[in-house]
Amino acid sequence: MKNINVFDYWQYFQAILLNVIIKCFFLVIGLCFINSYCYAQLEQTIQQVKPSIVGVGTLQKMRAPPVNFLGTGFVVGDGLHVVTNAHVIPEVLDIEKKESVIVITGKGSNPDVRLAEVIAMDKEHDVALLRISGAALPAMQLGETQTVREGRSMAYTGFPIGMVLGFYPVTHQAIVSSITPIILPAHNAKQLDASMIKQLQKSPFMVYQLDGVAYPGNSGSPLYDPQTGIVYGILNMVFVKGKKESALSNPSGISYAIPGDYIKSLMKRIGN
């Protein structure tokens, strides 16, 4: 029988262990580098998109305060068009008191207010298109939604709690947790409201479910790629646990976004 040299086996084991340690070390370094690169890219992207993010509301000079913040929007096309949610736009304006739709641009405690006109609306898919006065603003690019898959990282920028602290857009990150029908299943018939029943009568369209926290003011925020800033959707609702007030005090961390194809369709309707 051949004698086993324990020392040789130990040296062999040490060589394998050292090789594994070296590979793990470079793997960790690589992951750290990738992570740092992704964060650096997001930092650049946020600075790139912020000039395109606007507030949407109404203005009535005799009101206190005169500006009523309603949601977020973002600039598209020629820089004079803004996309937001249809539910952000008031059903009726007080024309007698000269109430008008506005967008809010700029930064800080003295933002710029511009008059806006609603030129197209798709209530079924909760998208509205406005045309704004003044000089053109930097526009965001719309991407191909067919490329979006579950698990993809996204970011969204808007005004989650309005302008309480001034005009400072806020960015959140999330992944696309699911691509799911717009209708959420109800546990029983009593939980079905009129809007859900109406939607059930149509063919439910697919939306992005996100694992990110959003608030009422985020309605209309662009959902974009963290590295490129290309828009793939628009935030339109959050899953609320309990009463509506809990959307602020106890957010669920589940949000939804409408795919950008419906934005493109609305823009084509006006030839943009």
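Two strands count as paired if DSSP finds at least two bridges between them. Strands (E, at least two residues) and helices (H or I, at least four) are DSSP runs, numbered from the N terminus.

Before you click around: this is a predicted model, where local features need pLDDT of at least 70, side-chain atom pairs count only at pLDDT 80 or more, and totals for chains, interfaces and linings use all residues. Residues are numbered from 1 along each chain as its sequence is written, and side-chain values use heavy atoms, leaving out hydrogens and water.

**Stop 1: the barrel.** Select β7, β8, β9, β12, β11 and β10, in that order: these 6 strands close into a barrel with antiparallel pairing. On average, neighbouring strands of this sheet are turned by 45° against each other, direction ignored (axes are lines fitted to C-alpha atoms; angles run from 0 to 180 degrees between N-to-C directions, and helices are fitted over the stretch in contact). Now zoom in on β9 (residues 206-210) and β12 (residues 255-259), an antiparallel pair with 3 bridges. Y208 sits opposite A257 in β12.

**Stop 2: strand β3.** Which way do its side chains point? H81 and V83 go one way from β3, V82 and T84 the other, and all are buried (under 20% relative accessible area with a 1.4 Å probe, protein chains only; exposed is over 50%, partly exposed in between). On to the partners: β2 pairs with β3 in the antiparallel sense over 3 bridges, and F74 stands opposite V83. The two strands form a hairpin with 4 residues between them, and G77 in the turn has a positive phi of about 65°. β6 is also antiparallel to β3, over 4 bridges; there, R131 is the bridge partner of H81.

**Stop 3: the cores.** A nonpolar core is a set of buried Ala, Val, Leu, Ile, Met, Phe, Trp, Tyr and Cys residues joined through side-chain atoms within 4.5 Å. The largest has 31 residues, and F74, V83, I258 and I263 have the most contacts inside it. Helix α4 gives the most to this core, with 4 residues. Apart from it lies another core of 14 residues, including V75 and A116.

**Stop 4: colour by confidence.** pLDDT is the predictor's confidence in each residue, from 0 to 100. The chain's mean is 81, with 72% of residues at 70 or more. Confidence is highest in β3, at a mean of 98, and lowest in helix α3 (residues 246-249), at 47. Finish at residues 240-250, where pLDDT stays under 50 and the model has 11 contacts (heavy atoms within 4.5 Å) beyond four places in sequence.
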